[in-house]
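Here are a few friendly notes to read alongside the picture. Please keep the structure open as you go through the points.

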Amino acid sequence: MVAGLAAAEVYEPSNVLPLSPLFGGAALKRALMLGLLFAGCVPHRDVPLEEIPKITKLADLMAAQSTIADPQFKKIGQASYTDADFVAFVDVGKRISATSAHIKDFSKGPGFDELAAQLGRNADALASAGTAHDPVQASAALKEMKTTCKTCHSKYR
Ligand code: HEC
């Protein structure tokens, strides 16, 4: 009796159809899990400024860049920032300046080195925007930095 009821609940089209909104939930859960998997691929490396030149592998240097810079990218386009944001921009600018200088130690040619140098300029612009508490320059520097990351990945990764 109970088993028959369970089977009816599963197989009756009238019972299956109302379940379809749940597939949206399942798809969302899958997407979230996939997001966690991708986040898990890049190790968290919150490397202090003075430790950056000691990194021995390009993948580790990139993981550090991602840990340091990625949380800032969601601030692109804001009209204003908090004092804490500006402090973070100075810190991130200085550290990405250091990582970009170190990228050249893993050179893949002149075009690669130029993109590393471009990342350095973006980082310096971000640090100076942070010091000046300039929201327009900060947002622009973050946007350009993100573009530089993507441009290099599409060519050399
Ligand atoms: C000059 C070129 C260049 C720039 C600029 C660059 N990347 Fe990369 N990135 C690479 C290359 C090449 C790889 C592949 C490295 C490998 O697997 O050895 C890579 C890999 C990565 C990875 C994967 C690391 C891993 O654990 O396998 C992440 C994350 C990453 N980059 C983040 C960033 C971020 C964030 C920025 C900008 C702040 C950035 N990269 C800028 C060239 C670049």
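1. A definition to begin with: a crossing of two helices is left-handed if the near helix is turned anticlockwise from the far one by less than a right angle, and right-handed if clockwise. Helices (H or I, at least four residues) and strands (E, at least two) are DSSP runs, numbered from the N terminus. With that in hand, the crossing of helix 4 and helix 5 is left-handed.

2. Please remember that this is a predicted model, in which local features need pLDDT of at least 70, side-chain atom pairs count only at pLDDT 80 or more, and totals for chains, interfaces and linings use all residues. Residue numbers start from 1 along each chain as its sequence is written.

3. Now the overall picture. The protein chain has seven helices and zero strands, giving the pattern α-α-α-α-α-α-α along the sequence. Of its 157 residues, 24% are buried (20 or more other C-beta atoms within 10 Å of the residue's own, with C-beta atoms placed from the backbone).

4. Back to the first pair. Helix 4 (residues 58–73) packs against helix 5 (residues 83–103) at an angle of about 155°, and their axes are 10 Å apart. Axes here are lines fitted to C-alpha atoms, for helices over the stretch in contact, and angles run from 0 to 180 degrees between N-to-C directions. The two helices are therefore roughly antiparallel, a label for angles over 145 degrees.

5. Which residues of helix 4 meet helix 5? They are L61, A64, Q65, I68, A69 and Q72, where a contact means C-beta atoms, placed from the backbone, within 7 Å. Ala, Val, Leu, Ile, Met, Phe, Trp, Tyr, Cys and Pro count as nonpolar, Asp, Glu, Lys and Arg as charged, and the others, Gly among them, as polar.

6. Helix 5 also packs with helix 6 (residues 110–132), at about 160° and with axes 7 Å apart. That makes helix 5 roughly antiparallel to helix 6, and this crossing is left-handed. The contact has 14 nonpolar, six polar and two charged residues.

7. Finally, look at the ligand. Of the 22 residues around the ligand, M62, S66, L115, C149 and C152 come nearest (a residue is near if its C-beta atom, placed from the backbone, lies within 6 Å). Helix 4 gives the most to this shell, with eight residues. The shell divides into 16 nonpolar, four polar and two charged residues.

How values were computed
Parallel < 35°, antiparallel > 145°, perpendicular 65-115°, else oblique. Contact = placed C-beta atoms within 7 Å. Buried ≥ 20, exposed ≤ 12 C-beta atoms within 10 Å, placed from the backbone.
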